[in-house]
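Colleague: I would like to learn how to read a few features of a model like this one. Please take them one at a time, with the general idea before the case.

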Amino acid sequence: MSARPEDTAPTGPAARGFDLVIRASRILTPAGIVSAEVGIRAGVITRIEPLGSGLDGVSTIELTADETLIPGLVDTHVHVNEPGRTEWEGFASATRAAAAGGVTTIIDMPLNSIPPTTTARALELKRSVAQGQCFVDVGFWGGAVPGNTAELRGLHDAGVFGFKCFLLPSGVDEFPPLEPAEMEADMALTSGLNSVLIVHAEDARTIDRAPAAAGDHYDTFLASRPRAAENLAIADVIERARRTGARAHILHLSSSDALPMIAGARRDGVKLTVETCPHYLTLTAEEIPDGATAFKCCPPIREASNRDLLWQGLTEGVIDCIVSDHSPSTLDLKDPANGDFAVAWGGVSSLQLGLSLVWTEARTRGISLERVLGWMSTTPANLARLTRKGRLSVGSDADMAIFGAEDTFVVDARKLNHKNPITPYDGRTLTGVVRRTFLRGREVDGRTPTGRLLRRGT
């Protein structure tokens, strides 16, 4: 841990207490924001006592009045792309960016690496490549593609946190989509494993019938990915989850039209969870300039009225969590020379910026920091069943960040830790700065990778 003026290292009798004690007037716990002292031993939070209790630590950190100690974020939707497309993003760059944004755990998607994580052997290869590179903890999703149903149990036994599928072409040939009947068969299997199927829910046939995307006008691209494609696919996921009893999770919800059916399915007992992403909550179709392919993602960023309804879905509990869907690429794949939305890679880079993005928007809507951290830490941890992550409580890993909630900064894509300097937020002023990040009680310094590779159930 790097030394700071407010950090002290007592000697003598005090050293017999905790490895680290953090004192602050604002600590975000499951009971809300409290004034407290946190005692950490062997990377685990072992005591939380009222401020002034005098806990002793080998090292002590005193937060200033404008700082809040928050749980480390859990981002369950990150495309790292290593091996195979490491020039897009690798484990070192992705996890360094995560830590800079207060994210202490990520779950890596099974594509766009080569090979994709669709067999236990491919998972082992990915783990071997990630080993020793990670600045935060990293887990892995498995992939469900045509013909690999027999591989799912092996992936489950090897520790993946669940399985991802697409219902339309994914954008990379090595990860083809499932037909709905194949998805249902895999749901039946994952139900028996007590696992979860996470679904990119857009209906391929609806998109085939929509106007083709072409050129540099965003409204043409938006018309090519209509809300109906999401709505129909989500309805199909709900029905097949109902029939199989499986846990299903809707990825990156962008269509607010689907919220009533999601709420209804839950009332009926369907085991359904839903995520959305910072770009759907902070950006609008109306503001995207012609040729600005940094904004392209699938499903697309929609209108301002749709954004407002997604926020309502969050506050009403219909949407469970906010994760990045960090899907980077090299600059050339964004087609900067032509700005053609039809050919540019579809993905938004935001892993380092997620908390600041969401907090900047949330505070204008009167939404508390506690609720934001619930959506970005606790509920993603619950989705992956990471019982020691996503909360500052006794027995949890001491994964946390020091957050200056009133600080502001201007995004400079060139200064982010992402491998490629392109993001739709370049030049945007944001509120909320992560000043320091800790993984199991040790400050992440960006030089020494101390992250662990996680397996389901451990």
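Predicted model: local features only at pLDDT ≥ 70, side-chain atom pairs only at ≥ 80, totals over all residues.

Colleague: Which residues of helix 2 are buried?

Modeller: Buried means under 20% relative accessible area, exposed over 50%, and partly exposed in between (1.4 Å probe, protein chains only). Helices (H or I, at least four residues) and strands (E, at least two) are DSSP runs, numbered from the N terminus. In helix 2, residues 120–130, the buried residues are Ala122, Leu123, Lys126, Arg127 and Ala130. They lie on the same side of helix 2, because they cover an arc of only 140° around the axis; the arc is that of the directions from the helix axis to the C-beta atoms. An α-helix has 3.6 residues a turn, so residues three or four places apart point the same way.

Colleague: What do these buried residues pack against?

Modeller: Contact means heavy atoms within 4.5 Å. The buried residues of helix 2 pack against helix 1, strand 8, strand 9 and helix 3 (152–157). Just after helix 2, Gly132 takes a positive phi of about 80°.

Colleague: In what order do the strands of the open sheet run?

Modeller: Two strands pair if DSSP finds at least two bridges between them. Here three strands form an open sheet in the order 7-8-9, with parallel pairing. Strand 7 (73–78) and strand 9 (137–140) are at the edges with a single partner strand each, so one side of each has no neighbour in the sheet. Strand 7 pairs with strand 8 (residues 103–108) over four bridges, and Asp75 has Ile106 of strand 8 as its bridge partner.

Colleague: How many salt bridges are there in the whole structure?

Modeller: A salt bridge is a side-chain nitrogen of Lys or Arg within 4 Å of a carboxyl oxygen of Asp or Glu. The search finds 32 salt bridges. In one of them, Arg23 and Glu37 meet at 3.3 Å, N to O. Arg23 lies in strand 2 (residues 18–29) and Glu37 in strand 3 (residues 32–41), so the pair ties together parts 14 residues apart in sequence. Both Arg23 and Glu37 are buried.

Colleague: Is Arg447 buried or exposed?

Modeller: Arg447 counts as exposed, at 64% relative accessibility. Its side chain meets that of Asp445 in a salt bridge (3.7 Å, N to O), and Asp445 is partly exposed at 30%.

Note on methods. Residues numbered from 1 in each chain as written. Heavy atoms only, no water.
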